[in-house]
Amino acid sequence: MKTRITRLTIQGFKSFRKKVSIPIFPGFNVFCGPNGVGKSNIVDAISFVIGSTSTKAMRAGRLHELIYHGNKNIPPSEYASVTLWLDNSDNLFNIDAPEISIKRKVNKKGIGTYKINGKTTTREKVLELLSSARIYPDGFNIIMQGDVTQIIEMNPQERREIIDEISGISHYNEKKEKAQRDLDKVAEKLKEVEIILTERLERLQQLEADRNAALRFKELTARLEKLEASLAHKKFTTEQEKFKSTEQEIENSEKKITELEQEINKLEKEIEDTEKRREGIIEEIFMKSKEAGIREDIEEIKNKIIRNKDKIESNEREIERLNNIIEKLKSISDTGFSLRKAVKEILGLKKSGIFGTLKDIIKVPKDYEIAVDSAAGSRLQNLVVDSPQTAISCINFLKNEKLGRATFLPLSRIRKRELTLDQKRLLKRPGVVGLLSDLIKYDTKYDSAVKYIFGDTIVVENLGVARDIGIGKVRMVTVDGDLAEKSGAMIGGFYTKKSTFSSAEIDSYEQSKKDLEEEINFLRIEIGQLNKKLDELREKEQKSGTRALDLEKQRKKIDEELEQMKVKRNELFEERLKLQSRINRLKIKSAKTEAEMENWKIEVEKYKETEYVDEDPEKMEEEIKVISNTLSSFGLVNMKAIDEYDAFKVEFDKLKSKYDKISEEKKSIENMMNKIEEKRRDVFYTCLRGINKNFKEIFREMTNGTASIELENPVDIESGLMIKASPGGKTLLNIDAMSGGEKSLTALAFLFAVQKYKPAPFYILDEIDAALDKVNSKKIAKMLKKLSENEQFIVITHNDYTIKQGNRVYGLSLENGESKILGLELPEIEVN
């Protein structure tokens, strides 16, 4: 489908004052006339009406300067108006009319309007309508005066820009520039996100390290707990088995003692019967020796000796019993008062400057044991030392060995607690027993430690007395163990007495033992003296009768039998005593085992939900030590890092996802730019090849020579365009090296090649042959004649030969500053 100009109506535009309507026909239309009559104003009018905004190209400073100026006799026009009529018989413009009219009008204020078929519209609508027919205000179908010279004077870069424009790669350039702008924005976004991501990555790596440390710490802690639980369970089981075994041994020993006691009772009966026989013989001997007067003394001495021996034997058994009692009391006291592990370890050091626990340095009367136990509580296990240096040394030892904690009372630094004057007056109140520190015994060198614990505590008979005095006035403890703190807090209830005994009670047994030992020594001395006296009396008695001697022999024999039976009895006593000692030791062992078992049971109960492992205890202890050392080396562990890492990782992954998305977007834009560039190059090279082909054909037809256009760098579409030609068989030259006429001819051939590549509905040429000689003018005229067979040409010229080639000639003249026009249709003639 094609269109063409059918009419051009001008009014008030430049030199055309009156309204003039010029019919334009197909083919070769020539506008001619002398210089200055307004020929080029025809071109300006067409440029004006199709939407040109360059007043410079229309040879005016501003739009209102396009309005007819007038002269002395004719006033200026009020406006300039141009209407262009285009053929629409093929419905090219999608308007239901055989032809369309484009009108542009401008007033003296420079305000312009556009109309399409009489309806006001905008320039954009006009341009859009005309573009459908390849009509553009700056199209190459209009060659103005100077355009040929401009082509000649262009540098290669500027000439290449013509190809850019014709090929339409500006569209791709715009796309590429937009894509580049988008790419720059995306790159900036990517850079910002990358900076944040880098910062977050450092934080994530730190959190990951902290998280891993926390997980490792948690894992080791869990393993440690499992090992400690398993070890406690293993120790508890072992102690339980030992306890059962010891209890079984005690039971067996007690059965053996029962058997021995039965045997002892039997032997006692035999001794009793034998002693009765002996007494009968002694009685008879006494009767026989009564006359001698010495038998009574002998028997009395013998009986005294026997009584002394019996007393010694009895005392020895009592001493053995007291030893068992003292040993048992001490062991039970130790068992009832179970020292903490840390305290045991410190006491085990046997280091100078460590005097023992608070319990070790005091002696408590039995009546106040419960009061002391309640008032001191766990502080009875406080360790009394000489100085802070000793305390620090012990604390460091506990830390290094991980043995637990203990409280130390340095005598050189600890401060006594004392009652105020008002509080001291309370000691005189009824029911007040006294100050607790005054009721217990201790070495005065421990005064500061004892009074630190007990110096501000008074003992009262009961809580009623404490209430009368006033709860909170002073620290008070009842003899039953109820405690009223100075703060007002009260501790009391049923008190379960621990299996402990006062040192006074043990001392009482020790004193009884000592008294018995002294009595034994006295009796043995007395026996020695009696035996000496007995020998003297027997010597005198030998003079008595034979019967007395026989009876004496019997008595001696009975004495020997009694001695053997008593030895046997003593052996049985000894065996029983050994068994009792063994039982005592076993009971002490059992009590200690039971206490140890209870301690481990408490440990086991701490790990109720923990799964046990069945491993060797020594290996478990070694692993516990290794894990404990490892955990100690961790320092501060951020357990929150586990959750913080997970939360931060989610945020980081979102940011990373955003980064990846932006990266993909960047890649997508880069790929699009590559595709645009690829398409841009294809379009450019397609256009270049097409124009080059046209250029070669047109130049050969015009000059019978050769010509070409090519890039300075064939692979770089940004490089300059070189126009080379060889008119009439001459050497191939760059356009810049040609003569003036050759340059013009070559430039026109190039412009015709461009027009042929992008054909337009009409072509307007304004004095393109002005600089050509006669020969070259003919060449151009012939070319135009040929081209106009299929295209509409409007040519402005005053070249005679060109005028003769036209199908219609429009002559212009100037009268009183106003252009006049006359049309003439020429017959078809052959012109040589």
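Analyst: Here are some notes on strands, nonpolar cores and cysteines.
Analyst: This is a predicted model, so to speak: local features need pLDDT of at least 70, side-chain atom pairs count only at pLDDT 80 or more, and totals for chains, interfaces and linings use all residues. Residues are numbered from 1 along each chain as its sequence is written, and side-chain values use heavy atoms, without hydrogens and water.

User: Okay, which strands does β1 pair with?
Analyst: β1 runs antiparallel to β4 (residues 79-87) over six bridges, and antiparallel to β2 (residues 20-23) over four bridges. Strands are DSSP runs of E, at least two residues, numbered from the N terminus, and two of them pair if DSSP finds at least two bridges between them.

User: What stands opposite L8 and R7?
Analyst: L8 faces L84 in β4, while R7 sits opposite P23 in β2.

User: How many residues of β1 are buried?
Analyst: Five of the seven in β1 (residues 5-11); buried means under 20% relative accessible area with a 1.4 Å probe, protein chains only.

User: Switching to packing: which residues have the most contacts inside the largest nonpolar core?
Analyst: F750 and F752, in a core of 71 residues. Such a core is a set of buried Ala, Val, Leu, Ile, Met, Phe, Trp, Tyr and Cys residues joined through side-chain atoms within 4.5 Å. Helix α18 (residues 641-703) gives the largest share, 20 residues.

User: And how many disulfides?
Analyst: Zero, counting pairs of cysteine sulfur atoms within 2.5 Å. C687 is buried at 0% relative accessibility.

Note on methods:
Buried means under 20% relative accessible area, exposed over 50%, partly exposed in between (1.4 Å probe, protein chains only).
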